[in-house]
Amino acid sequence: MATNPSIVTRDTDKIAAVTGNLYESVSIISKRARQVSSKMKEELNNKLAEFASGVDNLEEVFENREQIEISKFYERMPKAGSMAIDEFLEGKTYYSHRNAEDEA
């Protein structure tokens, strides 16, 4: 992924320029970030479910190297918010406006 996972200072003027309103842009980005985050969490849970065991006894639980590597891979991935901001600034995020007439 091209998204940089480290902390980056963002130009709010660029973010606001897409919609003309900074708060609207941030709202769109936050909704997309929630979508990305839930998708990543679902993928991680599905992969880790393969390693789940019904044993509750701590003595019988052992480390699984593959499980640890999968977890580390997801920890190193860029945060959902960073991915959503990059998608938004690149024009890859679809959004639409609701009119008052549409809701009536």
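Guide: Leaving out residues up to four places away in sequence, Glu-87 touches Arg-32, Lys-92 and Thr-93, where contact means heavy atoms within 4.5 Å. This is a predicted model, in which local features need pLDDT of at least 70 and side-chain atom pairs count only at pLDDT 80 or more, while totals for chains, interfaces and linings use all residues. Residues are numbered from 1 along each chain as its sequence is written, and side-chain values use heavy atoms, with hydrogens and water left out.

Glu-87 belongs to helix α4; helices (H or I, at least four residues) and strands (E, at least two) are DSSP runs numbered from the N terminus. Its relative accessibility is 18%, so Glu-87 counts as buried (under 20% relative accessible area, with exposed over 50% and partly exposed in between, for a 1.4 Å probe and protein chains only). The side chains of Glu-87 and Arg-32 are joined by a polar contact of 2.7 Å. Such a contact is a pair of N or O atoms within 3.5 Å; within protein, one must be able to donate a hydrogen and the other to accept it, and residues adjacent in sequence count only if both atoms are side-chain atoms.

Thr-93, one of the residues that Glu-87 touches, lies in the loop between α4 and α5 (100-103). Thr-93 is likewise buried, at a relative accessible area of 15%. Its side chain reaches the backbone nitrogen of Phe-88 at 3.3 Å. Apart from neighbours within four places in sequence, Thr-93 is in contact with Ile-28, Ala-84, Glu-87 and Phe-88.

Helix α2 (residues 22-49) and helix α4 (residues 80-89) pack at an angle of about 125°, their axes 8 Å apart. Axes are lines fitted to C-alpha atoms, for helices over the stretch in contact, and angles run from 0 to 180 degrees between N-to-C directions. α2 is therefore oblique to α4: angles under 35 degrees count as roughly parallel, over 145 as roughly antiparallel, 65 to 115 as roughly perpendicular and the rest as oblique. Residues of α2 including Ile-28, Arg-32 and Val-36 meet residues of α4, among them Ala-84, Glu-87 and Phe-88. By class, this contact of α2 with α4 has 10 nonpolar, 3 polar and 2 charged residues (Ala, Val, Leu, Ile, Met, Phe, Trp, Tyr, Cys and Pro count as nonpolar, Asp, Glu, Lys and Arg as charged, and the others, Gly among them, as polar).
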